[in-house]
Amino acid sequence: MLDDSLFPRVICPRMRAIMVLFTHDGDLLDLLFHKDRQRLRLEPESLRIAAGTLSSGQRVLVEIALDLWDGVGEVHLWDLLGSLDGERFKVFIQALMILRQ
């Protein structure tokens with residue numbers, strides 16, 4: 001489990017969940033968000049294009065993050081099961097648990 005003390009309480013739960021989701025893929029934060037982490041760097045479709053060269057698992061993480069951020073991700077259950085390795089699936093579940101608190 002990720003050490004919760006790494007994230008200040010002032011970060012909104014959605015961003016905290018995305019940060020957990022990207023535990024193994026921290027560079028995806030820079031791909032999606034401005035440095036202030038309060039807004040997307042580009043429009044979602046432009047972010048999908050920018051993510052086109054990533055692995056299939058990382059592209060699914062991008063879609064999950066877009067969904068967590070503002071509901072514009074295009075994630076399907078089969079994508080989660082078929083593209084995320086065991087560790088990334090675990091952090092996906094941890095991210096969901098943050099949002100349930």
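1. Confidence. The structure is a prediction, and the protein averages a pLDDT of 89, with 90% of the residues scoring at least 70. Among the elements of the protein, the lowest mean pLDDT, 90, belongs to helix 5, while the highest, 96, belongs to helix 3, which covers residues 44–50. A reader should keep in mind that where pLDDT is low, the predicted coordinates should not be read in detail.

2. The nonpolar core. The largest nonpolar core holds 30 residues, and those with the most contacts inside it are Ile18, Leu21, Phe22, Leu32, Phe33, Val62 and Ile64. At least two residues of this core come from each of helix 1, helix 2 (27–32), helix 4 and helix 6, and it is helix 4 that gives the most, with eight residues. As a general background, nonpolar side chains in soluble globular proteins tend to be buried together. Phe22, one of the residues with the most contacts inside the core, touches Leu28, Leu29, Leu32, Leu61 and Ala65 when residues up to four places away in sequence are not counted.

3. Helix 1. The buried residues of this helix are Met15, Arg16, Ala17, Ile18, Val20 and Leu21. The elements that cover them include helix 2, helix 4 and helix 6.

4. Helix 6. This helix runs over residues 86–100, and its 15 residues reach 21 Å from the first C-alpha to the last, close to the 21 Å expected at 1.5 Å a residue. Its buried residues are Arg88, Val91, Phe92, Gln94, Ala95 and Ile98. Seen down the axis of helix 6, these buried residues fall within an arc of 165°, so they line one face of the helix. They pack against helix 1 (13–21), helix 4 (56–70) and helix 5 (77–83).

5. Asp25, a buried acidic residue. Asp25 is found in the loop between helix 1 and helix 2, and it counts as buried because its relative accessibility is 1%, below the 20% cut-off. The side chain of Asp25 is joined to that of Arg88 by a polar contact of 2.7 Å, and Arg88 is itself among the buried residues of helix 6. Leaving aside neighbours within four places in sequence, the residues in contact with Asp25 are Gln58, Leu61 and Arg88.

6. Asp27, for contrast. Asp27 has its place in helix 2 and is partly exposed, with a relative accessible area of 48%. Asp27 and Leu61 are 34 residues apart in sequence, and their C-alpha atoms are 12 Å apart in space. Leu61 is also in contact with Asp25 and is touched by Phe22.

7. Glu63 in helix 4. Glu63 is found in helix 4 and counts as buried at 13% relative accessibility. The side chain of Glu63 reaches the backbone nitrogen of Glu74 at 2.8 Å. Beyond its neighbours within four places in sequence, Glu63 is in contact with Arg48, Val72, Gly73, Glu74 and Val75.

8. Val60 and Val75. Not counting residues up to four places away in sequence, Val75 touches Val60, Glu63, Ile64 and Leu80. With its neighbours within four places in sequence left aside, Val60 is in contact with Val75, Asp79, Leu80, Ser83 and Leu84. Of these, Asp79 is 19 residues from Val60 in sequence, with a C-alpha to C-alpha separation of 6.7 Å.

Technical notes:
Residues numbered from 1 in each chain as written. Predicted model: local features only at pLDDT ≥ 70, side-chain atom pairs only at ≥ 80, totals over all residues. Heavy atoms only, no water. Helix = DSSP H or I, 4+ residues; strand = E, 2+ residues; numbered from the N terminus. Expected span 1.5 Å × (residues − 1). Buried < 20%, exposed > 50% of the residue type's maximum accessible area, 1.4 Å probe, protein only. Arc of directions from axis to C-beta. Contact = heavy atoms within 4.5 Å. Core = buried A, V, L, I, M, F, W, Y, C linked by side-chain atoms within 4.5 Å. Polar contact = N/O pair within 3.5 Å; in protein donor to acceptor, adjacent residues only side chain to side chain. pLDDT = per-residue confidence, 0-100.
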